[in-house]
Amino acid sequence: MANSSRAPGRSRRLRAALVVSAAVGLLATAGAVVLPGSASAASTLGASAAESGRYFGTAVAVSRLNDSAYTTILNREFNQVTAENEMKIDALQPNQGQFNYGNADRLVQHARSQGMLVRGHTLAWHSQQPGWMQNMSGTTLRNAMLNHVTQVATHFRGQIEWWDVVNEAFADGGSGARRDSNLQRTGNDWIEAAFRAARQADPNADLCYNDYNIDNWNDAKTQAVYRMVQDFKSRGVPIDCVGLQSHFTGGSNYPSNYRTTLSSFAALGVDVHITELDIRNAPSDAYRNVVNDCLAVARCKGITVWGIRDSDSWRSSENPLLFNGSGQKKPAYDAVLTALNNGTPPTGNPTTPPPTGNPTTPPPSGGCTATVTPGQVWGDRYNTSVTVSGASTWSVVVAITPPQRISTTWSGSPTWDSSGNVMTMRSNGSGNTFGFTTMMNGNSSARPQIRSCTAG
Ligand code: G3I
């Protein structure tokens, strides 16, 4: 079933759900106060993320819902949940044909009662298979996997916003190959078969591929997943999103090109999600960077941290989360909330006409011409669009004046120099006009300069 057969309007519903959720959070905590035209001042993660149409979520262990300290933070701060273990294959189908939905249903009920969105994790995975499935192979396994996908997605139909349809199917290291597993050995098409079955069972859920170590744009694993998504999109395999787990923990660090990775996947026409974020020792800078990178990419729909308190973490000795074991906010919490609040797109009325800066058009020496059209202006930021003529594939170099900073781009694939002040925007098949938002950061007069336009 192709994407075009899906029920319309999911994005609007997501946005509406988040607005309602933010309002619920605001009433519940009296914490989020947003005055028209003022800077955002939401005081919880979920409420702040919702102001830009995003979510801020957490993995939840259902057994901890009995811990009132835990649920107090959960209900106050988060507007999205992922079951840490309760929707895995071994949890839901411990014996073949016998489905055990009790714990997962409890989490879904809790989420619904709190206005939280639910990410389903995960329908098909080489790990956490029940014993009966581990012992299968070939057509028998393929059919059992597809039946699991169909049964589970049908059971939760209408309650799951996003499914991690397939989890961790690529190998680590430099090979760019699929991970060897019993599922992979059923044939290379097992992933697309799982996506097709999921779409058929729940046409309204967004279907994601989810993996770890696909954060660094230069890694072979990242490139391999990118090529798979590109291939799926070109052949009409129903994929809507990519989840970057982002466990920056124990040897895998936040990469400086993370934003390029997010925007490059997004340029393929899928949403991107940060699905399992945790960072060893919870450095504020790295958490802040992750948030800013997500906010800079329009198709980055939200961030899920992999647990609430350090004591809840699968790697509790590394203290990688936003709350300490006593449930107190850590410095990284403040960094995340501040970044969410600072990065929230304007809610006031955009003003036109556009600024009277000095947009420039370079000579067509590189085989194309880039023409700047100033766009909307707000109190703290402004938009610019650039139209390229003379070439169908191109790269345009744009320089901005610090402390101004480009925060969002669209309709192109950007890369950045080390200063962050020079962006090279490459065509990505979405037309000859790209755009970007620039934060003024105290300088309201400077405007971006086009340095070159190069065909090819
Ligand atoms: O609940 C049982 C308990 O009854 C038993 O006594 C105990 C001893 O074996 O095991 C307990 O279950 C453990 C479960 O976590 C709950 O704590 C499992 O053994 C253990 O394997 C499981 O680990 C989970 C791991 O995935 C494997 O599924 C972690 O909690 C969970 O955080 C982790 O999450 C994964 C994501 O799904 C995918 N991405 C990576 C991420 C981190 O590994």
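Q: Which residues in helix 9 are buried?

A: An α-helix has 3.6 residues a turn, so residues three or four places apart point the same way. This is a predicted model, in which local features need pLDDT of at least 70, side-chain atom pairs count only at pLDDT 80 or more, and totals for chains, interfaces and linings use all residues. Residues are numbered from 1 along each chain as its sequence is written, and side-chain values use heavy atoms, with hydrogens and water left out. In helix 9, the buried residues (under 20% relative accessible area, with a 1.4 Å probe and protein chains only) are Lys221, Thr222, Ala224, Val225, Tyr226, Met228, Val229 and Phe232. Helices here are DSSP runs of H or I with at least four residues, and strands are runs of E with at least two, numbered from the N terminus.

Q: What covers the buried residues of helix 9?

A: The cover includes helix 8 (190–201), strand 5 (206–211), strand 6 (241–244) and helix 10.

Q: What follows helix 9?

A: Gly236 comes next, and its phi is positive, near 80°.

Q: Where does Asp312 lie, and is Asp312 buried or exposed?

A: Asp312 sits in the loop between strand 9 (300–305) and helix 12 (331–343). Its relative accessible area is 6%, so Asp312 counts as buried.

Q: Which residues does Asp312 touch?

A: Contact means heavy atoms within 4.5 Å. Leaving aside residues up to four places away in sequence, Asp312 touches Arg64, Tyr70 and Glu84.

Notes
Buried < 20%, exposed > 50% of the residue type's maximum accessible area, 1.4 Å probe, protein only.
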